[in-house]
Amino acid sequence: MTSPDDRLAELRDNLAAVRSRIAQGCAAAGRSEDEITLIAVTKFFPASDAALLAQLGLTDLGENRDQDASAKSAELAALTEVAVRWHFIGQLQTNKARSVARYADLVHSVDRQGLADALEDGARRADRPELDVLVQLSLDPEPGAEPGRTGRGGGAADELMRLADRVAASEVLRLAGIMAIAPLGGDPDEAFSHLAEVAQRLRESHPAAGIVSAGMSDDLEAALRHGATHVRIGTALLGRREQQFR
């Protein structure tokens, strides 16, 4: 079992390597790395790792399951006084929306009106004046394919524009931008080029919706080339779970 000091050193090295990749990717794309928000995806890893990342100055944390995220956010509050920003990045069932609306600072995966309705209701019940959300675009060949098979969530571009209008009309939800996941086995440049086109359409109708959440450990450079503002990094920061819990 890795000691806390060794784990801190490992995370420090990994964070430096990821930040270097971001800096190089931005330089190649003619962008400033100051434009980029790095989100550490802590799913399957303990709250102690999240606390170490916060200690290292990385305070944007992402989770994709409500059961894990709600427990981890509470546990982390007891481990550190560092303020963190929680990103919910996974596909979300409407019956979990009320819980997510209590602790998430930004929900990345809004892909249908029913979910927007549920998050709005959850935010009101939690007495939150505002909840930031992103609409999720499908980059799969067949938008709406069953999650876990060929689909990775999200809607087609035209559907997304209608959903964006509904979110923007809410008194509680704030349309902050767009999110997408590159398809498995596909060309990330082609996928993220399409995302960039749809993101531009979104900004033309909703100028404040400037976030583009795209890019993970294997494809962050491609995402940066096509305008990503937020990258969601798990393995490159935290390693593979089996390596930590042998």
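Which helix holds both Arg-125 and Asp-121, and how many residues apart are they? Both lie in helix H5 (residues 113-125), four residues apart, which is about one turn of the helix. The legends below start from the model itself and then take up separate views.

This is a predicted model, in which local features need pLDDT of at least 70 and side-chain atom pairs count only at pLDDT 80 or more, while totals for chains, interfaces and linings use all residues. Residues are numbered from 1 along each chain as its sequence is written, and side-chain values use heavy atoms, with hydrogens and water left out.

View 1. A salt bridge here is a side-chain nitrogen of Lys or Arg within 4 Å of a carboxyl oxygen of Asp or Glu. Arg-125 is exposed, with a relative accessible area of 52%, and Asp-121 is partly exposed at 32%. Buried means under 20% relative accessible area, exposed over 50%, and partly exposed in between (1.4 Å probe, protein chains only).

**View 2. Strands S2 (residues 60-63) and S3 (residues 85-88) pair in the parallel sense.** Four bridges connect them; two strands pair if DSSP finds at least two bridges between them. Helices (H or I, at least four residues) and strands (E, at least two) are DSSP runs, numbered from the N terminus. Asp-60 stands opposite Arg-85 in S3. With helix H3 (residues 66-79), S2 and S3 make a right-handed β-α-β unit. A crossover is right-handed if, with the strands pointing away from the viewer, the path from the first strand over the helix to the second runs clockwise.

**View 3. Asp-60 and Arg-85 also form a salt bridge.** Their closest N and O atoms are 3.9 Å apart. Asp-60 is buried, at 15% relative accessible area, whereas Arg-85 is partly exposed, at 31%. Both belong to a network of salt bridges that also includes Glu-130, Asp-132 and Arg-174. A search of the whole structure finds 17 salt bridges.

**View 4. Lys-72 and Glu-63 meet in a salt bridge.** The N to O distance between their side chains is 2.8 Å. Lys-72 is buried at 7% relative accessibility, and Glu-63 is buried at 0%.

**View 5. Strand S4 (residues 106-110) pairs with S3 in the parallel sense over two bridges.** Leu-106 in S4 is the bridge partner of His-87. The chain crosses from S3 through helix H4 (residues 97-103) to S4 in a right-handed β-α-β crossover. Five of the five residues of S4 are buried, so the strand is largely enclosed by the rest of the structure.

**View 6. S4 also pairs with strand S5 (residues 131-137) in the parallel sense.** Three bridges join the two strands. Val-107 stands opposite Val-133 in S5, and Phe-88 stands opposite Val-107. S4, H5 and S5 make a right-handed β-α-β unit.

**View 7. Ser-99 is found in helix H4.** Ser-99 is buried, at 13% relative accessibility. Its side chain makes a polar contact with the side chain of Asp-66 at 2.8 Å. A polar contact is a pair of N or O atoms within 3.5 Å; within protein, one must be able to donate a hydrogen and the other to accept it, and residues adjacent in sequence count only if both atoms are side-chain atoms. Not counting residues up to four places away in sequence, Ser-99 touches Asp-66 and Ser-70, where contact means heavy atoms within 4.5 Å.
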